Amino acid sequence: MTYLSILLTAILTANFVLSKFLGICPFLGVSKKLNTAVGMSAAVIFVMALSTAVCYPINNYILLPNGLEYLQTIVCILVIAALVQLVELILKKFMPPLYNALGIYLPLITTNCAVLGVVLLNFTEGYTYLESLVNSVGAGLGFMLAMVIFSGVRSRLESCDVPKFLQGLPIVLIAASIVSLSFMGFTGLVEGILG
Amino acid sequence: MAEKKSLRKEFTKGLISENPTMRLVLGTCPTLAVTTSIVNALGMGISAMIVLVCSNIAISALRKIIPDKVRIPAYIVIIASFVTIVQMIVKAFIPALDKSLGVFLPLIVVNCIILGRAEAFANKNGVIASAVDGLGMGVGFTIALCCMGAIREIIGAGTIFAGAESLLSIAGITGFDGITLIGENSAINPMTIFILAPGGFFTFGILMACANKLAESKGKPKAELGGCSACPMAKNCALLNKGENCEEKKEEAKS
Amino acid sequence: MKKFKEYAAPTVVLLIICIVAAFLLAVTNNVTAPKIAQVNAENEAKSRQVVFADAVGFGEETTNADGVRLVPALDANGTTIGYVAITVEKGYGGDISVMTGVDLDGKVTGVSILSMSETAGLGANATKESFLQQFIGKISGMTVTKNAPAENEIKALTGATITTKAVTAAVEAAIEASGGENIG
């Protein structure tokens, strides 16, 4: 049950993009069209799960026993950067179709704060290995949900008559504000269902 | 004399004409997340500025030594070390700020402004110019954050400079801990929504509209989300090298 | 030889940068770690005095089986007049660490929030004096209400029931941990 509640919390109530403000750059930048939004989010889910799977043991079995917590940030970001490059190479060589679908987003993900954010938040939350993985996948799914919804909103915006001074980025941000307002409606939902 | 003048230009461009937040639209995550109060915004801005100046100096000094191939990992290591150092110093001397910035302090590592400036400026220019560029960008970032923070704090919490004591105590000033504009039992309540997530997006949108208006009156283009061109990884991006845009690429793959 | 330059040189440079970075971090850590520990200790000492104003001194800290940290509060003669307990509960945005003073009758003498990461403007209001004051004098079996609080009830913070419940649970845990048990 706890896994389910961690998953739902990460997707809905504590949505990474809309309530934690992580991964805003791709959220605003790649959400213009539905298919790019889905491709980017799929790559994010994959990288989040993978980097959590690798960083967690490094933190708990190498850094913590030796009192090296202060190296957390630097080690995690390096591991993520290396992983992303590695995945890119492997996909390119062995799975060209998948590379064409996801690969192009991979270089953008290294500097996506949502990935480093989820890894570091898993440490501070004190999750177990499995809980961390569930939380990472949930955060990724939440990212995808926000991207997909927002790409829908943006495609509508294209055909709207927006006041001149709001055209461009301002109206996108205000639309994001309304989407995030609607996500606040999920507050307490998880506790209500499972608690 | 000419040298001096160009240095001043490097500094002032970060303030307004190339303001990282309002014009280049970089570092949006901390801009939205930590601007719930001016003190938080100031703390974040100054921390990022210190990292930016230090990393710009280090990267510019090492620009001839670092092989092009391992450029990005090398930058990341340099930036991450400065971030961790700043984080430890904040923890030791301003623990209240560490608590309120939370995970966003280590996340300065992935703040696109810093890697972006390393790629766009520091690896091409000298040490002094890079330091000045970092300072200008850092100040510009701080100003933008403080504008956001001021609006959100006044409307959303009814206070201004709340929690200032934690910052001022370093300078030895105590006794000033912000002004309460809307008291707890006054007739109107602060609009809490402004310090929550939706208010962040909304305030940023309105500020962006103002910035665009200003730019327009000076005949400059509107701030556009760079997508690819502003992306710090742009140079690394295989697509951009081919002269394509990541959004377009997908379309092509389909057809 | 060309291959060496192509593959080894970047690796060596990167390695050197990493070593220098790690060394710098270790030095900074050595300088700041004692300072951080000292700041934390000072904060806790200050909070202890706030949550148990009657105490003149505090005894040795112990940790019980549930992981609750207990410090006996002493009067001028060195007799124990209550306990200060640090309990941790899960709030809305992560762990909330709460320090509670409990006298020997099981009554709360004061509550202070040591650390939390609740939403600014909602859950973060839990650090406000007007909220924490409610707990003073309360005994075990508190309930959270959204209306005007009755006997042994805690008025929930607007829009932050989860935070209120978490803080209340932490205080309850503190009462239980120090409830007349003879520790040590």
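Visitor: How many helices and strands does chain C have?
Guide: Chain C has three helices and eight strands, where helices are DSSP H or I runs of at least four residues and strands are E runs of at least two, numbered from the N terminus. This is a predicted model, in which local features need pLDDT of at least 70, side-chain atom pairs count only at pLDDT 80 or more, and totals for chains, interfaces and linings use all residues. Residues are numbered from 1 along each chain as its sequence is written, and chains are lettered from A and ligands numbered from 1 in the order in which they are written.

Visitor: What pattern does chain C follow along the sequence?
Guide: Chain C reads α-β-β-β-β-β-β-α-β-β-α.

Visitor: What is the radius of gyration of chain C?
Guide: Chain C has 23 Å, whereas a compact globule of 184 residues would be near 16 Å. The radius is taken over C-alpha atoms, and the globule rule is 2.2 Å times the number of residues to the power 0.38. Along the principal axes, the C-alpha atoms of chain C fill a box of roughly 85 × 45 × 25 Å.

Visitor: Changing topic, how many residues of chain B are in contact with chain A?
Guide: 49 residues of chain B are in contact with 44 of chain A; contact means C-beta atoms, placed from the backbone, within 7 Å.

Visitor: Which element gives the most to that side of chain B?
Guide: H9(B), with 12 residues. The residues on that side of chain B divide into 35 nonpolar, eight polar and six charged. Ala, Val, Leu, Ile, Met, Phe, Trp, Tyr, Cys and Pro count as nonpolar, Asp, Glu, Lys and Arg as charged, and the others, Gly among them, as polar.

Visitor: And how many residues of chain A are in contact with chain C?
Guide: Seven residues of chain A are in contact with five of chain C.

Visitor: How many residues are in the largest nonpolar core?
Guide: The largest core has 136 residues, and those with the most contacts inside it include Val115(A), Val51(B) and Ile78(B). A core is a set of buried Ala, Val, Leu, Ile, Met, Phe, Trp, Tyr and Cys residues joined through C-beta atoms within 7 Å; buried means 20 or more other C-beta atoms within 10 Å of a residue's own. H4(B) gives the most to this core, with 14 residues.

Visitor: What does Ile78(B) touch?
Guide: Leaving out residues up to four places away in sequence, Ile78(B) touches Ser55(B), Ala58(B), Ile59(B), Ile17(C) and Ala21(C).

Note on methods:
Contact = placed C-beta atoms within 7 Å. Buried ≥ 20, exposed ≤ 12 C-beta atoms within 10 Å, placed from the backbone.
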